[in-house]
Amino acid sequence: MRERISHALSQDADEETLRDALKRQPDNVDAAIPLARALLARKSPGEALEVLDTVLLAAPGNLRALNAKGVVLDQEGRHHEAQALYRQALATEPANPMLLNNLRLSLAVEGKAESGNASLQTQTDGRHALVRSK
């Protein structure tokens, strides 16, 4: 029990630190992405999207922020919106493997989601990935 409380408190402190960093530097993608991940882990995708939208206002076209927002949208089943963001980012950097992979996965999941066998899962390293269910 103590361990869970300690973990929750440190997570809140981490989120607070990241929020403070974003207040000081609104285009800080290095703070925004881990904060968005933490918010997703707490099942707060709306807040994660707000964080990423704020960064994109300060740094329009930032590839990492566009990709991160696309992942959140995919997780929420908003594949068309996610794909538009991946394509927007790919217009700037057409050979970016991360963006190409996420666009392909989003397209695949969109097709598979209709049949009920696709989902977005968290990988062991904390990143989100679109995967097919078995």
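**Lys-43 sits in the loop between α2 and α3.** Everything shown here is a predicted model, in which local features need pLDDT of at least 70 and side-chain atom pairs count only at pLDDT 80 or more, while totals for chains, interfaces and linings use all residues. Residues are numbered from 1 along each chain as its sequence is written, and side-chain values use heavy atoms, with hydrogens and water left out. Just after α2, Lys-43 adopts a positive phi of about 60°, although Lys-43 is not a glycine. For comparison, most residues other than glycine have a negative phi. With a relative accessible area of 71%, Lys-43 is exposed (exposed is over 50% relative accessible area, buried under 20%, partly exposed in between, with a 1.4 Å probe and protein chains only).

**The whole protein, for orientation, has six helices and two strands.** These are DSSP runs numbered from the N terminus: H or I over at least four residues for helices, E over at least two for strands. Of the protein's 134 residues, 40% count as buried.

**Asn-28 caps the N-terminal end of helix α2.** Asn-28 itself lies in the loop between α1 and α2. Look for its side-chain oxygen, which is 3.1 Å from the backbone nitrogen of Asp-30; such a polar contact is a pair of N or O atoms within 3.5 Å (within protein, one able to donate a hydrogen and the other to accept it, and sequence neighbours counting only if both atoms are side-chain atoms). Asn-28 is a buried residue, at a relative accessible area of 16%.

**Helix α2 runs over residues 29-41.** Its 13 residues reach 18 Å from the first C-alpha to the last, close to the 18 Å expected at 1.5 Å a residue (the expected span being 1.5 Å times one less than the number of residues). The buried residues here are Val-29, Ala-31, Ala-32, Ile-33, Leu-35, Ala-36, Ala-38, Leu-39 and Leu-40. Val-29 belongs to α2 and is buried, with a relative accessible area of 6%. Between Val-29 and Asn-62 there are 8.3 Å in space, C-alpha to C-alpha, for 33 residues in sequence. Ala-31, also found in helix α2, counts as buried at 4% relative accessibility. Its C-alpha is separated by 9.7 Å from that of Val-51, 20 residues apart along the chain.

**Helix α3 has its buried residues along one face.** Those residues are Pro-45, Ala-48, Leu-49, Val-51, Leu-52, Val-55 and Leu-56. Seen down the helix axis, they fall within an arc of 160°, so they line one face of α3 (the arc is that of the directions from the axis to the C-beta atoms). On the other side of the helix, Glu-50 and Leu-57 are exposed.

Buried in α5 are His-79, Ala-82, Gln-83, Leu-85, Tyr-86, Ala-89 and Leu-90. Down the axis they fall within an arc of 160°, so one face of α5 is lined by its buried residues. Turn to the other side and you will find His-80, Ala-91 and Thr-92 exposed.

**The second largest pocket holds about 220 Å³ of space.** Lining it are Glu-16, Arg-19, Asp-20, Leu-22, Lys-23, Leu-35, Glu-47, Glu-50, Val-51 and Thr-54. The elements that give two or more residues to this lining are α1 (2-24) and α3 (45-58), and α1 gives the most, with five residues. By type, the lining divides into three nonpolar, one polar and six charged residues (Ala, Val, Leu, Ile, Met, Phe, Trp, Tyr, Cys and Pro are nonpolar; Asp, Glu, Lys and Arg charged; the others, Gly among them, polar). A pocket is an open set of points, on a 1 Å grid over the protein atoms alone, where a 1.4 Å probe fits, with protein on both sides within 12 Å along at least five of seven lines; lining residues have an atom within 4 Å of a point. Points are joined across faces, edges and corners, and the volume is the space filled by probe spheres set on them.
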